[in-house]
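The following exercises are meant to be worked with the sequence and the model side by side. Try each task before reading its solution.

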Amino acid sequence: MRGSARYSNHAAIAAAVLAAIAAGALAGDVRDVRGRVVDEQGRPVAGIAIGTHWTSMNGAITPQWKSDASMQERLTIRTDDQGRFGGPLYFDGRPLALVALDLQARRGGTAILDPAAREDEFTLTVGPLVRLCGEVRIALPLLKDNTVRAFIFDPRAPIAIASAVVEGEGAWELLLPPGRVKLSLVAAELERAEIELDLAAEHVDAGAVALQPTALARLYGKEPPPWTVTEARGVDAGVQIADFTGKWLLIETWSYW
Amino acid sequence: MDLYDEFADLRDRFAIVAFHDRSAPTFEVLDERMKDVIEKQWNGRELPFPILLDSTGRTYRNFAITSLGTAILIDPQGRVVRGAGEEILRAELEKLRAERGR
């Protein structure tokens with residue numbers, strides 16, 4: 001199965017995030033959650049690890065469990081003999097996905113926790129895992145040393161459930177629970193590419209995605225576009241970038257939120 | 001700010017400007033917000049280099065600035081330099097200083 005690439009607008013996302021923070025929508029809190037993991041026949045699954053985000057590096061897939069806002073404290077949460085698990089979990093005010101993975105038995109599942117719901121215990125059902133693979137290509141040779149992160153999102157929750165790292169161009173692979181996901185390929189100097197995929201087969205190929213340089217990266221080695229200054233302090237508001245020719249000019253970007 | 005102070009002897013070779021995004025459309029808004037930061041974090045000191053505002057947001061769009069804290073470095077020939085602006089500028093200024101010292 002192959003998805004089609006869709007390029008999102010970074011600026012719009014950043015603006016939306018800032019607006020959400022300004023509105024206080026992301027007020028976070030830590031809450032104790034309790035759950036139970038069962039297989040497709042409803043039998044408890046013991047010893048399975050659960051994380052809010054799974055990272056894949058050098059072939060090792062490890063869970064992270066976000067128990068505070070700073071992510072300083074790292075917990076490893078596993079089910080007991082009855083398939084039960086629990087622990088303090090950080091909510092940022094939005095729905096949160098929990099993913100259980102058993103790489104040996106190749107099964108896993110996802111549950112979405114709604115921060116508004118106050119259920120005592122929820123159930124996470126695991127089924128056969130899906131091997132999702134893909135390939136990163138970089139359109140501009142100069143930028144082939146970028147580190148690219150492949151983030152996987154459950155469409156019901158805004159925080160990625162898993163990620164893999166690709167140094168420059170190359171193949172990547174993740175083992176994931178079945179279901180619909182959004183793949184987001186992100187690198188510092190490259191435009192983000194997003195693909196929606198349905199993990200409904202044992203093996204799903206996201207295909208090769210050629211990442212394009214950001215508008216800023218396209219300016220490397222070239223003259224920058226003119227800036228627009230509506231007010232200035234310490235310099236005349238009519239100042240142009242060209243006025244600094246002959247000197248190094250560092251433009252620090254700055255925001256308040 | 002550290003870079004600006006550290007290379008005070010090379011001020012004729014470089015300039016730093018702080019370019020604010022449109023979240024502060026005027027100095028009136030910016031000054032009000034910065035009061036606390038200047039007092040508590042910068043020991044009462046204001047930014048020593050020019051501050052530019054763009055209430056239209058056009059500059060950030062044209063430069064495709066998406067992550068705040070990005071520093072864009074322009075070389076003396078007026079071309080955009082790839083990479084972490086502050087670190088590269090520091091290295092270039094250290095080179096210039098070594099040349100002057102000779």
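**Exercise 1.** How many residues does the largest nonpolar core have, and which of them have the most contacts inside it?

*Solution.* This is a predicted model, in which local features need pLDDT of at least 70 and side-chain atom pairs count only at pLDDT 80 or more, while totals for chains, interfaces and linings use all residues. Residues are numbered from 1 along each chain as its sequence is written, and chains are lettered from A and ligands numbered from 1 in the order in which they are written.

Begin with the term: a nonpolar core is a set of buried Ala, Val, Leu, Ile, Met, Phe, Trp, Tyr and Cys residues joined through C-beta atoms within 7 Å, where buried requires 20 or more other C-beta atoms within 10 Å of the residue's own, with C-beta atoms placed from the backbone. The largest such core has 51 residues, and those with the most contacts inside it are Val99(A), Ile152(A), Leu176(A) and Leu211(A). Its largest share, 6 residues, comes from strand S8 (residues 96-102) of chain A, strands being DSSP runs of E with at least two residues, and helices runs of H or I with at least four, numbered from the N terminus. A second, separate core of 24 residues includes Trp254(A), Val17(B), Leu73(B) and Ile74(B).

**Exercise 2.** Determine where Ile161(A) lies and whether this residue is buried or exposed.

*Solution.* First, Ile161(A) is placed in the loop between strand S12 (147-153) and strand S13 (162-167) of chain A. Next, Ile161(A) counts as buried because 23 other C-beta atoms lie within 10 Å. Finally, leaving out residues up to four places away in sequence, Ile161(A) is in contact (C-beta atoms, placed from the backbone, within 7 Å) with residues including Trp54(A), Val99(A) and Ile152(A).

**Exercise 3.** Describe the side of chain A that touches chain B, and the strand pairing between the chains.

*Solution.* Count first: 38 residues of chain A are in contact with 47 residues of chain B. Helix H1 (10-22), strand S18 (231-233) and strand S19 (248-254) of chain A each supply at least two residues of that side, and the largest share, 7 residues, comes from S19(A). Then turn to pairing, for which DSSP must find at least two bridges between two strands: S18(A) and strand S2 (residues 51-53) of chain B run antiparallel and are joined by 3 bridges, with Glu231(A) standing opposite Leu53(B). As a caution, pLDDT (the predictor's confidence in each residue, from 0 to 100) stays under 50 over residues 1-25 of chain A.

Note on methods. Contact = placed C-beta atoms within 7 Å. Buried ≥ 20, exposed ≤ 12 C-beta atoms within 10 Å, placed from the backbone.
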